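Hi,

Here is the structure I promised to pass on to you. Have a look at it first, and then read my notes below.

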Amino acid sequence: MKKLTFLLMAALFAANSYADTSYTITGTGSDLTLTITGTGDMPNYTSGNAPWYSQGANIKTLIIEDEVTSIGNNAFYYCIGLTSVVIPNAVTSIGDNAFYQCSGLTSVTIGNSVTFIGDNAFYYC
């Protein structure tokens with residue numbers, strides 16, 4: 001019984017450790033828009049492992065919807081095409097290396113609810 005309880009608790013924790021977030025990429029060529037949708041926290045990624053990583057040079061616009069509450073580690077790692085980012089008020093934390101080496105960033109607007117910015121979140125921007 002203890003083993004079954006542990007497995008159920010582990011499954012519930014895994015299912016709830018990150019909210020239901022997803023993404024879409026629209027546009028063509030080197031003028032893409034990445035939209036993060038859903039509710040709650042974005043997952044953490046290892047460097048170069050976000051699903052949109054291979055398009056990083058072509059993503060010019062990032063839209064984070066209002067229901068997203070955190071930006072995961074390495075989420076936009078090496079998205080060198082980004083020029084500006086608006087982080088909505090619902091976001092409370094920005095993970096480590098979240099915008100690491102986004103060298104094209106010239107404008108970042110951070111919502112008033114952010115209470116944590118991780119290590120190297122905007123390194124080489």
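**A buried phenylalanine**

Phenylalanine 99 has a relative accessibility of 0%, so this residue counts as buried; buried means under 20% relative accessible area, exposed means over 50%, and partly exposed lies in between (1.4 Å probe, protein chains only). Leaving aside neighbours within four places in sequence, phenylalanine 99 is in contact with Leu62, Ile71, Phe76, Leu82, Val85, Ile87, Ile94, Leu105, Ala121, Phe122, Tyr123 and Cys125, where contact means heavy atoms within 4.5 Å.

**Before you go further**

This is a predicted model, in which local features need a pLDDT of at least 70 and side-chain atom pairs count only at pLDDT 80 or more, while totals for chains, interfaces and linings use all residues. Residues are numbered from 1 along each chain as its sequence is written, and side-chain values use heavy atoms, with hydrogens and water left out.

The average pLDDT (the predictor's confidence in each residue, from 0 to 100) is 87 for the protein, and 85% of the residues score at least 70. Please be careful with residues 1-18: their pLDDT is below 50, and beyond near neighbours in sequence this stretch has four contacts in the model.

**The overall picture**

The protein has one helix and nine strands. These are DSSP runs numbered from the N terminus: helices are H or I with at least four residues, and strands are E with at least two. From the N terminus on, the order is α-β-β-β-β-β-β-β-β-β. Of the 125 residues, 35% are buried. The accessible surface comes to about 7,000 Å², and 54% of it belongs to carbon and sulfur atoms; this area comes from the Shrake-Rupley method with a 1.4 Å probe, and for residues only the protein chains shown count as cover.

Four strands form an open sheet in the order 3-5-7-9, with parallel pairing. Strand 3 (40-41) and strand 9 (116-117) are at the edges with a single partner strand each, so one side of each has no neighbour in the sheet. Two strands count as paired if DSSP finds at least two bridges between them. Strand 5 (residues 68-71) and strand 7 (residues 93-94) run parallel and are joined by two bridges; isoleucine 71 has isoleucine 94 as its bridge partner in strand 7.

Strand 6 pairs with strand 8 (residues 107-110) in the parallel sense, over four bridges. Here valine 86 stands opposite threonine 109 of strand 8.

**The core and its rings**

In soluble globular proteins, nonpolar side chains tend to be buried together. In this model the largest nonpolar core has 26 residues, and Trp52, Ile71, Phe76, Leu82 and Phe99 touch the most other members. Strand 2 (31-38), strand 4 (59-64), strand 5 and strand 6 each give two or more residues to this core. A nonpolar core is a set of buried Ala, Val, Leu, Ile, Met, Phe, Trp, Tyr and Cys residues joined through side-chain atoms within 4.5 Å.

A search of the whole structure finds ten aromatic pairs. Rings of Phe, Tyr and Trp (its six-membered ring) pair if their centres lie within 6.5 Å; planes under 30 degrees apart count as stacked, over 60 as edge-to-face and the rest as tilted. Tryptophan 52 and phenylalanine 76 make a stacked pair, 5.7 Å centre to centre with 25° between the planes. Tryptophan 52 lies in the loop between strand 3 and strand 4, and phenylalanine 76 in the loop between strand 5 and strand 6, so this pair ties together parts that are 24 residues apart in sequence. Both tryptophan 52 and phenylalanine 76 are buried.

Phenylalanine 99 and phenylalanine 122 are also stacked, at 5.2 Å centre to centre and 5° between the planes. Phenylalanine 99 is in the loop between strand 7 and strand 8 and phenylalanine 122 in the segment after strand 9, so the pair ties together parts 23 residues apart in sequence. Phenylalanine 122 is partly exposed, with a relative accessible area of 25%. Tyr23, Tyr45, Trp52, Phe76, Phe99 and Phe122 form one aromatic cluster.

**One more residue**

Asparagine 97 is found in the loop between strand 7 and strand 8. This residue counts as buried, at 19% relative accessibility, and beyond its neighbours within four places in sequence it is in contact with Asn74, Tyr77, Asp119, Asn120 and Ala121.

Enjoy exploring!
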